[in-house]
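Me: I have a structure to go through. Please tell me what each label rests on, and keep it brisk.

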Amino acid sequence: MATDWSVRAITRATLPVLVGLTLVELGSGLVLGSFERRLLASPSLLVLVPVTIGTAGNLGSILASRLSTAFHLGTLSFSPADDELAGNAVATVALAATLFPVVGLGAWTLASFVGTTTLAPTTVVVVASSAGVVLAVLAVAVTLAATYVAYRLSLDPDDVVIPVVTNVCDVLGVVVLFAAVLVFT
Amino acid sequence: MGTVDVARDAYREALPALAASLVGGLLAGVVLGGMRAELRAVEGLLVLVPALLATRGNVYGSFGARLSTGLHQGLVEPRVDAGDERLRAAASAALANGLLASALAAVGAAVLLRLLGRPVAPLATLLSVALVAGLLSGVALTVVVVVVVFAGYRRGRNPDTLVGPVVTTTGDVFGVVFLLLAVRATLALVGLVGGAG
């Protein structure tokens, strides 16, 4: 049992996944870098970056762990009429619809404390809310797809789905934020 | 249970943890928003940010999960003892993997930006920022994870449910704060070397 806790064994178990995830995250970094000038011009948008990425990843990982528990308990079936599936999907979108307006207002308020803001608070709230709701819908789609693939390949969703979903949602978070910034500012 | 009941349950269960990590994310955002001068000075730094923040979550989330499994199995005692071999191995592995992933992110960002023909700071600068930030936030997160998991376990809380929210919240804040420190230290060092040359 002691060998499971050696530096070498832990590294062998975690490093390959970590390398893959780091490369995925570099993709989201490149998207972020491509609108760097826009972000640097508006501090409230820069403040939105970590919280949007983080909340999108969290929404996905909470949904993934709930679905994988239901899956292990045998109460999940892949049908739109499934209560467990539909209920969790609805809750994810509802959480985003509640939290992201707060995120937008919070980002604008904090940015105005630490420096000058160049955007109206309503613009930042609209950017955050629209990005949040779109992200929630995408997070549901990605989580369902990943859980379904894990199920078909008989992998344990706990091992595979959560890291994949969290990091894919990180990337989508940046892409959707970028789109929202383009559309609304 | 009908769809509405499931949705209501899921919503209530997730809201507190999400709200807590939201506060952490906003604080991290404020630090990032105050870092504009550094982001301009070190080209390519913004490209590194998602990878560095995600590394904190991935590495220390799995360190925390390992620690709580060890407590449940009785392999690790809920006592901070630097002599405990398993605790020391798990902490060193987390730090080493975190540093490797940070270095990979720095090299990857420099190579990709150069291939795309976009401006990028020297590789040594990006590497120094990534490694210093990885080391400082790694040490801080190790302490936070160990203290929270052990204290939670001793008070009869399930450490599994504590680790996720704690790591995502503190990981973002520490990640950005130590990134700022690392950039300032690196820029000061570059200034010194440049001045001497």
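Reply: What follows takes the labels one at a time.

Reply: This is a predicted model: local features need pLDDT of at least 70, side-chain atom pairs count only at pLDDT 80 or more, and totals for chains, interfaces and linings use all residues. Residues are numbered from 1 along each chain as its sequence is written, while chains are lettered from A and ligands numbered from 1 in the order in which they are written.

Me: What makes up the fold of chain A, in helices and strands?

Reply: Chain A has 6 helices and 0 strands. The pattern along the sequence reads α-α-α-α-α-α. Helices (H or I, at least four residues) and strands (E, at least two) are DSSP runs, numbered from the N terminus. The C-alpha atoms of chain A fill a box of roughly 55 × 45 × 25 Å along the principal axes.

Me: Which residues of chain A does the "transmembrane region" annotation cover?

Reply: The unreviewed UniProt entry gives residues 13-33, 45-65, 85-111, 123-148 and 160-184 of chain A. UniProt positions are in the numbering used here, feature names are shortened, and annotations may be inferred rather than shown by experiment. In the model, residues 85-111 of chain A are 100% helix and 0% strand, with the end C-alpha atoms 38 Å apart. Residues 160-184 of chain A are also 100% helix and 0% strand, and there the end C-alpha atoms are 36 Å apart.

Me: Why is α3(A) called roughly parallel to α5(A)?

Reply: α3(A) and α5(A) (residues 121-152) pack at an angle of about 30°, with their axes 9 Å apart. Angles under 35 degrees count as roughly parallel, over 145 as roughly antiparallel, 65 to 115 as roughly perpendicular and the rest as oblique. So α3(A) is roughly parallel to α5(A). Axes are lines fitted to C-alpha atoms, for helices over the stretch in contact, and angles run from 0 to 180 degrees between N-to-C directions.

Me: What residue classes make up the contact of α3(A) with α5(A)?

Reply: That contact divides into 16 nonpolar, 6 polar and no charged residues. Ala, Val, Leu, Ile, Met, Phe, Trp, Tyr, Cys and Pro count as nonpolar, Asp, Glu, Lys and Arg as charged, and the others, Gly among them, as polar. Those taking part include Leu48(A) and Phe71(A) of α3(A), and Val124(A) and Tyr151(A) of α5(A).

Me: Why is α1(A) called roughly antiparallel to α3(B)?

Reply: α1 (residues 7-34) of chain A and α3 (residues 45-73) of chain B pack at about 150°, with axes 7 Å apart. That angle is why α1(A) is roughly antiparallel to α3(B). By class, their contact has 13 nonpolar, 8 polar and 1 charged residues.

Me: How many residues does each chain give to the contact between chains A and B?

Reply: Chain A gives 55 residues and chain B gives 55 residues. Two residues are in contact if their C-beta atoms, placed from the backbone, lie within 7 Å. On the side of chain A that touches chain B, α1(A) gives the most, with 17 residues. That side divides into 35 nonpolar, 14 polar and 6 charged residues.

Me: How do you know whether Val183(B) is buried or exposed?

Reply: Val183(B) has 22 other C-beta atoms within 10 Å. A residue is buried if 20 or more other C-beta atoms lie within 10 Å of its own, exposed if 12 or fewer, and partly exposed in between. Therefore Val183(B) is buried. Val183(B) lies in α6 (residues 159-196) of chain B. Leaving aside neighbours within four places in sequence, Val183(B) is in contact with Glu38(B), Val42(B), Leu45(B) and Val129(B).
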